Amino acid sequence: MKFRCRMVDAGAMRDFTSIISTISRMAKYCVLRLTVDELCFNVGDEREPVLWAVLSQQHFFAEYVMSGVSEQENEIYLEFDASMLARSLNSLRITTSARSAKIKLTNKRQPCLTFDIDLSSMSIDSRQCVHDVPVKLIPRREWPEHKMPDVPRFDISVELPQLKYIRHILDRMKNMSNQLTVMANKCGTLIIKVEVDYATVSTHFKGLEVWENEEGQENDDISAIVSIKKLAMFLGWDILHPDSVKCHLLNEKMVKLTLDVGDHIKMHYFIPAIAS
């Protein structure tokens, strides 16, 4: 079993650091699935999926070597403390002069992801920052628990407006309630609504691209009540400047949000509905 890689592109290092930093604010622990083509970060909550983030290794790494547990099962699953990993990348956040960042699976009394960051300096010699992040190797018998979850066919999907607009709305709605209703219809309208004893406040986004499941609900409006906090947490991914963000609704059961940055970053974020 072997894993090592190297980043040299400043944009790739910035995005990678932003992804790890955002994940660290979502959960204490994260599972990383390594394959020949991808790095997949899996964040769960009591075994329920919260985030599944897929990164193309070709975009992020100039060098990438991965050999899994066997030829037939050429994968590696690691669990780690997300905040510790984020702190190890702090030097990439506070400087723009990093020449490269190497990541390697090592064994230093216990399995670790070792980060070797080459920082340029005014002198001839560069400075090296080396951090060891302890990881837990997940045995094969537990791999099915960390696979990409089976996703049902959603009743409707709509393209979201820019996330900064939704964040602006949520900042005001969260002072009224801890939950809101997300609603969409086949006319391409997305409604975000808060209902409390003294008022109902809603925002309507119209003219959005829509994809409808022909076998889904016959109702025009598909909706789900979700936690404002969980929805707001997703909006932090705006830092990646996504090309596409979609909202998928399973009536009264789930909201799934997907975010794409080119072909090299794909996010799947799951928010279960709150029973009305």
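Are R33 and E75 buried or exposed? Both R33 and E75 are buried, where buried means under 20% relative accessible area, exposed means over 50%, and partly exposed lies in between (1.4 Å probe, protein chains only).

## Basis of the report

This is a predicted model, in which local features need pLDDT of at least 70, side-chain atom pairs count only at pLDDT 80 or more, and totals for chains, interfaces and linings use all residues. Residues are numbered from 1 along each chain as its sequence is written, and side-chain values use heavy atoms, with hydrogens and water left out.

Helices (H or I, at least four residues) and strands (E, at least two) are DSSP runs numbered from the N terminus.

## Salt bridges

A salt bridge is a side-chain nitrogen of Lys or Arg within 4 Å of a carboxyl oxygen of Asp or Glu. Side chains of opposite charge can pair when their charged atoms come close. The whole structure contains 10 salt bridges. One of them links K28 to D81, with the closest N and O atoms 3.0 Å apart. K28 belongs to the loop between α1 and β2 (29–34) and D81 to strand β6 (residues 76–81), so this pair ties together parts 53 residues apart in sequence. K28 is partly exposed, at 48% relative accessible area, whereas D81 is buried, at 13%.

R33 and E75 also meet through their side chains in a salt bridge, 3.0 Å from N to O. Because R33 lies in strand β2 and E75 in the loop between β5 (63–67) and β6, the pair ties together parts that are 42 residues apart in sequence. E75 forms a salt bridge with K147 as well, and here the closest N and O atoms are 3.5 Å apart. K147 is located in the loop between β9 and β10 (156–159) and E75 in the loop between β5 and β6, so the parts tied together are 72 residues apart in sequence. K147 is partly exposed, with a relative accessible area of 35%, while E75 has 14% relative accessibility and counts as buried.

## The nonpolar core

A nonpolar core is a set of buried Ala, Val, Leu, Ile, Met, Phe, Trp, Tyr and Cys residues joined through side-chain atoms within 4.5 Å. The largest one here has 80 residues, and those with the most contacts inside it are F3, F16, F41, L180 and W237. Helix α1 (residues 10–26) gives the most to this core, contributing 7 residues.

Contact means heavy atoms within 4.5 Å. With neighbours within four places in sequence left aside, W237 is in contact with I19, T22, I23, M26, L51, P242, L259 and M267.

## Strand β11 and its partners

In strand β11 (residues 179–185), 6 of the 7 residues are buried, so the strand is largely enclosed by the rest of the structure. Two strands pair if DSSP finds at least two bridges between them. β11 runs antiparallel to strand β15 (residues 221–227), and 7 bridges join them. β11 also pairs with strand β12 (residues 190–196), in the antiparallel sense over 4 bridges. T181 has I225 as its bridge partner in β15 and stands opposite K193 in β12.

β11 and β12 form a hairpin with 4 residues between them, and G188 in the turn has a positive phi of about 85°. K186 lies in the loop between these strands, β11 and β12, and is partly exposed, with a relative accessible area of 44%. Apart from neighbours within four places in sequence, K186 is in contact with I156, V210, E212 and D220. K186 and Y29 are 157 residues apart in sequence and 38 Å apart in space, C-alpha to C-alpha.

Most residues other than glycine have a negative phi. H241 is not a glycine but has a positive phi of about 50°. H241 is in the loop between α6 (228–234) and β16 (244–250) and is exposed, with a relative accessible area of 65%.

E252, also not a glycine, has a positive phi of about 60°. E252 sits in the loop between β16 and β17 (254–261) and counts as exposed at 58% relative accessibility.
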